[in-house]
Every structure is written in C-alpha cells, then in structure tokens.
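Thanks for coming. I will go through one structure today, a piece at a time.

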Amino acid sequence: MALLHKDELQRRLGVTGEESLFIDPLLDQSQIGEVTVDLRLGCDFLVSILTRRPYISTVKADPAFRGIASYFQTTRREFGDSFVLYPNQLALTTTLEFVALPSDVYADVLTRSSYTRLGIHLNTMIQPGYRGCFPIELFNESNNPVELVVGARIFQARLFAGPFKSSYHGATTPRKYLGNVRPTASRAADDPDLDRLARIKEKR
Amino acid sequence: MRPRLDLFLIRDSLRDCQETTYFSGKLHKFTAQLLDVIEYVLQNEKSLSEDIVRAFASHALGANRYLTGSTTKESPYEIEYCLQSVVPKWSKRDCYITTALTDGRDFHFEPTDPWAFVKTALPGFDTNGFDPLLVQLGVPRVYSHKPLYCIPLYHELGHFVDVSNGVTNLSVLIQAPNSTPEYRHRMEHFADLFAASYIGRCSIRALEIIAPGNQSSATHPATADRVKLVDDFLADRQTGLIPLFQTCLQHLKLPPLQREFDPAPVKTAFDDIRTYPIATTRELHGIFGSAWNYFEDSLDNRSPPWVASAPTDADIERIINDLTEKSIRNASIRERWNSGATP
Amino acid sequence: MLAAVPTDESRTLELFDLALRIVSDKGVIPDQLMAHFDAVLDQAKQLVASPTKVEGLISPQAIQLACRMRATSELMAAVAPVTSLKVVTPDQASRILSSLEERVAP
C-alpha cells in the first residue's frame with residue numbers, strides 16, 4: 001500500500017477516468033498537503049439526544065426497538081456558522097467536500113491535531129471508490145463545549161493506493177450509503193446477520 | 001384583540017426570535033428594526049390614527065408569523081440560493097427569504113412588506129432607508145432535500161413578480177380578458193412562462209405527468225394549453241399571450257421573458273456519482289432541467305452504470321436529488337468563499 | 001407538486017384604502033399617505049385613459065386601481081371628481097371605499 005503524496009494527489013486531481021480523485025468544492029489548493037488532504041466541516045448534523053428509552057436497540061425483533069434515527073435530531077448550519085459540541089456529545093455530520101475516491105484508493109480520516117487537542121476525536125476509514133461526503137462521527141471528549149465553524153478545516157485524510165480495483169458503485173449488491181451528501185443515522189439494525197443471530201438465540 | 005395588546009405580544013415574540021442563535025444576520029437586523037417601530041408606535045399611539053395602529057399591528061403580526069414560523073435549523077438553503085439569485089432582476093428592493101416547512105403539499109412564495117407601510121403611514125419613524133421585502137418560502141417538509149421536486153417554486157416566484165409589479169393587471173388594461181377565469185388563467189400562464197424562462201421545460205413536466213388531461217377550470221388553464229404556451233415560448237414562437245406579456249414588461253421597465261439558463265451537462269458527472277461543478281448562474285438554473293431529464297431517463301431506462309447498486313426507484317431518486325442539491329450547495333459555497341476574500 | 005393559487009393581491013391597495021378610511025373616520029392623515037393616495041389616483045386615471053402612454057415608473061397600486069375603475073362604474077364615478085385627498089370629504093371617502101370591488105384585508 002502506498003501513501004499518496006502531494007505530487008500524486010495533484011496528478012490524480014487533474015486526470016479523468018479510473019485514477020481520478022475528485023474533491024468538490026476544493027476551496028484552497030493549500031488543502032493538499034505533503035501526505036494529507038485537509039477537509040472541512042459540513043453543514044448538516046444529526047445530534048444525539050436523550051430519550052425516555054433505556055438504550056438504542058439494534059435488534060428489530062426486540063419489542064423495545066425504535067428506529068435509530070429517532071435518537072438523533074436534525075439541524076443545519078450555513079457556511080460560516082458555528083456548531084457547538086458539548087462534552088460527551090455525539091454528533092454525526094459529513095465533510096463539506098463531496099469526494100470521489102479512485103477505485104484503487106482508500107482513505108483514513110482523522111481530526112487535525114488542532115482539534116484533537118480540544119478533545120474532538122475521529123478516526124474512520126473510507127472504502128476505495130467511495131462516492132459522497134465523508135461521514136463523520138464527532139465526539140467531544142473534553143470537559144468543555146467546543147465551537148466548531150462550518151467550513152473550517154477540521155479533518156485530514158490520508159489516501160492509500162493499492163494493487164486492487166473496487167467496484168464500489170458498480171457492485172451488484174445495494175450499497176447502504178451511496179452518494180450521501182448529509183449524515184445518516186446508523187443502519188446497524190439493517191444488518192441481515194442480526195436476523196440469523198436472533199433465530200440462533202431463539203433455538204438455544 | 002386590541003392592536004396595542006397585540007403589539008405587546010408580537011414584541012415579546014420577536015425578542016424571543018432574536019435570542020435564537022440560528023438567525024441570520026440579515027433577519028436579526030430586520031427583527032431589530034421592526035422592534036424599534038413597534039416601540040415607536042406604542043410610545044406614540046395617542047397621536048396616531050387608530051386605523052394606522054390597527055393596520056400596523058396586522059403587518060407586525062404577519063412579519064412575526066414569517067419569522068417565528070421559519071425553520072432556520074432545517075432551511076433548504078439550496079433552493080433559497082437559487083431563488084435569491086433571480087429576485088434582483090425583478091425587484092428593485094432587497095429581498096430576505098425565510099422558509100417554512102409545511103406539512104401539506106403546498107408551495108408558496110409570499111412577501112410581506114411592513115416598510116412600505118411604515119414609510120408612508122408612520123413618517124415620524126426614520127427607517128434610515130431600510131426597506132427589504134420579507135419573503136416566506138413554503139416548502140413541503142418531505143421535499144426539503146428534493147430540489148427537483150421544488151421546481152414549482154419558480155412558478156410561485158413568477159406569481160410574486162406578477163403581483164408585485166402588476167404585470168397581469170396591466171395586460172387587462174391593454175387587452176381586456178373576456179371573463180374572470182381568463183384573467184386568472186393569464187396569471188397562471190405568466191407564472192408558467194416565468195418559470196420556463198429560468199428552468200426550461202421541466203417547469204411544465206410535472207403537470208404533464210400528474211395532470212395530463214386537466215381541462216380548463218375557473219382558476220387554471222387546461223394542461224394542454226399551458227404546455228403548448230411554454231413550448232412555444234421555449235421555441236421562440238411569439239404566440240398567444242407571449243407578446244402581450246412582453247409589452248407589459250416593457251411598459252413596466254422590466255426585462256423581457258427570455259431564456260435565463262444554460263443546460264448543465266450533468267450526465268458524465270452523475271453517471272460517476274459525482275457532483276457537477278456549476279460554473280455560472282445560468283447553469284445554476286439550467287441544472288434543474290438537466291437533472292430532471294437525467295432523472296426521467298434513469299427511471300425509464302435504468303441507464304446509469306450505478307443502477308445495480310441502487311435497485312429501487314426511491315434509491316435512484318434520492319441519489320439524483322442529492323447530487324443536484326450538493327451541486328447547488330457547492331456553487332453557493334464557492335460564491336461565499338470568494339466573497340469572504342476581502343473585508 | 002401542482003402550484004398553489006397565486007399570491008394574495010388584496011393588500012396592493014392597502015395604503016390607498018387606509019387613507020380613505022382615515023378620512024372617513026375623520027382622523028389625522030400623514031402627508032406622505034396623502035401624497036401616496038394622490039399619486040396612485042392620478043396615475044390610475046392616466047392608465048384608464050391610455051395604459052400604454054404613461055410616463056415614468058408605473059406602480060402596481062395604480063394599475064390595480066385602474067383595473068378596478070374599469071370594472072366598477074360606481075368607483076369610476078366616485079373618483080372622477082377627486083383630484084386630491086385634501087378635498088375628499090368623509091362621506092365621499094365612504095362612498096369610494098364601498099365601491100372598491102373587494103375590501104382590502106385589514
């Protein structure tokens with residue numbers, strides 16, 4: 001696996017076809033670093049909220065099951081507005097940028113150190129060939145609320161190329177998050193294995 | 001209720017609005033000015049005509065309804081951006097758009113104008129030249145992230161341009177209609193042509209799908225007539241009401257109805273599930289027609305290479321609407337980014 | 001997705017109507033409101049006479065009033081002798097108000 005460096009990142013941004021890397025909008029060329037790409041905070045948020053239910057169930061057969069989206073509240077901010085993340089709060093969001101990864105490249109996305117030092121942590125992996133705004137799970141591990149500005153460079157992505165070619169959007173099985181442009185609640189409950197596991201549990 | 005008591009309630013409601021951190025700077029200023037006028041009226045009530053106080057209370061109530069009923073936390077910024085780019089050509093005044101997400105299927109584009117009233121009926125209050133229109137955009141909640149389904153808003157904007165300038169009314173003076181329904185039909189035709197001038201044929205496509213055989217009614221022309229007039233307009237044929245409307249616009253010193261869009265070649269981008277980088281305002285409006293054609297082709301012929309990953313019509317619709325929305329969003333972000341380059 | 005009915009235009013003549021109501025109620029009318037009334041009425045009469053020959057910016061209020069005047073002979077007759085709101089009596093104001101086809105929404 002090869003970590004893509006600046007020259008290769010810029011080359012891929014300039015070509016079309018299978019090797020093409022697409023980032024839109026790329027507001028500042030300086031976002032392309034030596035081995036990383038800075039990405040900005042997007043406009044849409046799903047903020048976790050407390051409900052009267054004791055836990056989030058992921059098993060649909062559970063009588064206590066409620067749609068996972070019901071544990072989150074939607075909100076939007078305009079470009080340049082602030083979003084405050086409170087201690088121990090989870091908020092789902094996306095990058096401002098819509099990214100099309102080449103089929104031979106995957107991405108690791110982390111918070112930039114300026115924000116890691118404020119207690120905002122993120123570490124996620126994006127599949128080769130991904131299409132959409134990168135999904136981001138923001139969590140504030142500090143004691144203080146932290147103000148985040150929509151459009152600020154909060155994240156960085158490291159891109160790795162390998163000797164493979166995924167068919168991310170040409171796959172014959174449906175993709176859960178194809179072309180997403182805003183955060184979506186977890187679809188953990190849609191995992192088909194959970195039905196099998198429920199039957200295993202019943203037969204014990 | 002007595003106007004004075006209404007004004008107290010409205011004042012408190014507007015103060016609560018101001019505390020909302022989601023309010024934009026422009027709406028914040030609008031609210032602050034309105035609060036100043038309310039205070040002025042409350043302090044000077046005895047020297048003002050009762051009719052004026054009552055009428056002002058009605059304006060304040062309307063503005064309050066717009067401001068408090070607007071869902072700034074869920075605004076369809078993309079649609080607002082598209083419509084905001086149209087208004088300056090047709091209105092000499094600033095226009096602040098708020099959005100109400102409705103539970104029905106109704107779209108509306110309704111202005112409220114307290115400042116024309118204040119300047120004329122409350123001349124003792126100095127507005128310092130502040131006089132933007134406040135427009136509430138009504139969007140069905142289920143369509144708030146579906147720009148292709150919000151196409152009717154261009155038609156509603158056409159009604160706004162018509163009423164705020166008196167286009168259809170002037171047409172009545174120049175060429176009297178034969179009946180009241182014909183007058184109402186003219187308003188619909190104008191709004192259809194206005195929408196078509198910005199977004200092309202997709203403006204009328206919904207009618208062809210939903211109500212292909214609708215006959216003429218008291219308020220709306222027959223679908224076939226509406227479609228024909230739009231087709232004639234887009235083909236530069238000066239038929240029917242088109243010359244009359246153009247004459248009225250000329251007399252009102254407004255621009256003529258003409259194509260204000262360029263097709264946005266979205267196919268290559270959308271086939272690869274990428275956003276389309278909109279380059280101009282004409283492409284901004286043109287993306288609706290282009291995306292709509294792509295959408296219909298995808299549903300009818302299942303042609304995009306990614307269709308296997310999106311097996312249902314709902315998935316196809318979601319992807320195309322999202323790509324359209326994000327393409328528009330990115331255009332607005334680029335514009336704002338560039339506007340922030342200098343203080 | 002079918003578009004809703006057009007924007008309510010009944011407020012277009014609101015200030016014109018307000019001026020008449022104040023006179024009818026024998027209230028104090030601001031100069032600016034009086035000037036607005038006079039300008040709208042003057043332009044409306046020009047539009048009734050010759051809609052394509054009016055100079056300058058044409059106000060939507062004048063256009064709508066002209067339409068109402070053409071459609072309602074009582075209104076046309078009631079405003080015909082009026083050159084300025086200054087000379088309108090409370091009775092005259094009431095007559096003009098009642099002959100406006102639709103009352104403006106309060």
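Before the first residue, a term: helices here are DSSP runs of H or I with at least four residues, strands are runs of E with at least two, and both are numbered from the N terminus. Keep in mind that this is a predicted model.

With that term in hand, look at chain B. B:Asn128 sits in a loop, with helix H6 (114-121) on one side and strand S3 (133-140) of chain B on the other. Its phi is near 55°, which is positive, and the residue is not a glycine. Is B:Asn128 buried or exposed? It counts as exposed, because it has 7 C-beta neighbours inside 10 Å.

A second residue in chain B also needs a mention. B:Arg302 is not a glycine either, yet its phi is positive, about 50°. The loop that holds B:Arg302 runs between helix H14 (281-301) and helix H15 (313-339) of chain B.

Now the layout of chain B. The chain is split into domain 1 (3-150), domain 2 (163-251) and domain 3 (267-337). How far apart are the centres of domain 2 and domain 3 of chain B? Over C-alpha atoms, the separation is 29 Å. The contact between these two domains involves 6 residues of domain 2 and 4 residues of domain 3 of chain B. On the domain 2 side, helix H9 (180-199) and helix H10 (202-210) of chain B each give two or more residues. That side is made up of 3 nonpolar, 1 polar and 2 charged residues.

Next, chain A against chain B. The contact draws on 23 residues of chain A and 25 residues of chain B. On the chain A side, the elements that supply two or more residues are strand S2 (22-24), strand S5 (72-76) and strand S7 (90-100). By class, the chain A side has 11 nonpolar, 7 polar and 5 charged residues.

Staying in chain A, there is a cis peptide bond between A:Asp24 and A:Pro25, with omega about 5°. A:Pro25 belongs to the loop between S2 and strand S3 (37-40) of chain A.

Last, chain C. It has 5 helices and 0 strands, and its pattern along the sequence is α-α-α-α-α. Of its 106 residues, 43% are buried. Among contacts in chain C with a separation of 6 or more, 57% are between residues 24 or more positions apart.

Methods: Residues are numbered from 1 along each chain as its sequence is written. Chains are lettered from A and ligands numbered from 1 in the order in which they are written. This is a predicted model: local features need pLDDT of at least 70, side-chain atom pairs count only at pLDDT 80 or more; totals for chains, interfaces and linings use all residues. Domain bounds come from an automatic or database domain assignment. Two residues are in contact if their C-beta atoms, placed from the backbone, lie within 7 Å. Ala, Val, Leu, Ile, Met, Phe, Trp, Tyr, Cys and Pro count as nonpolar, Asp, Glu, Lys and Arg as charged, and the others, Gly among them, as polar. A residue is buried if 20 or more other C-beta atoms lie within 10 Å of its own, exposed if 12 or fewer, and partly exposed in between; C-beta atoms are placed from the backbone.
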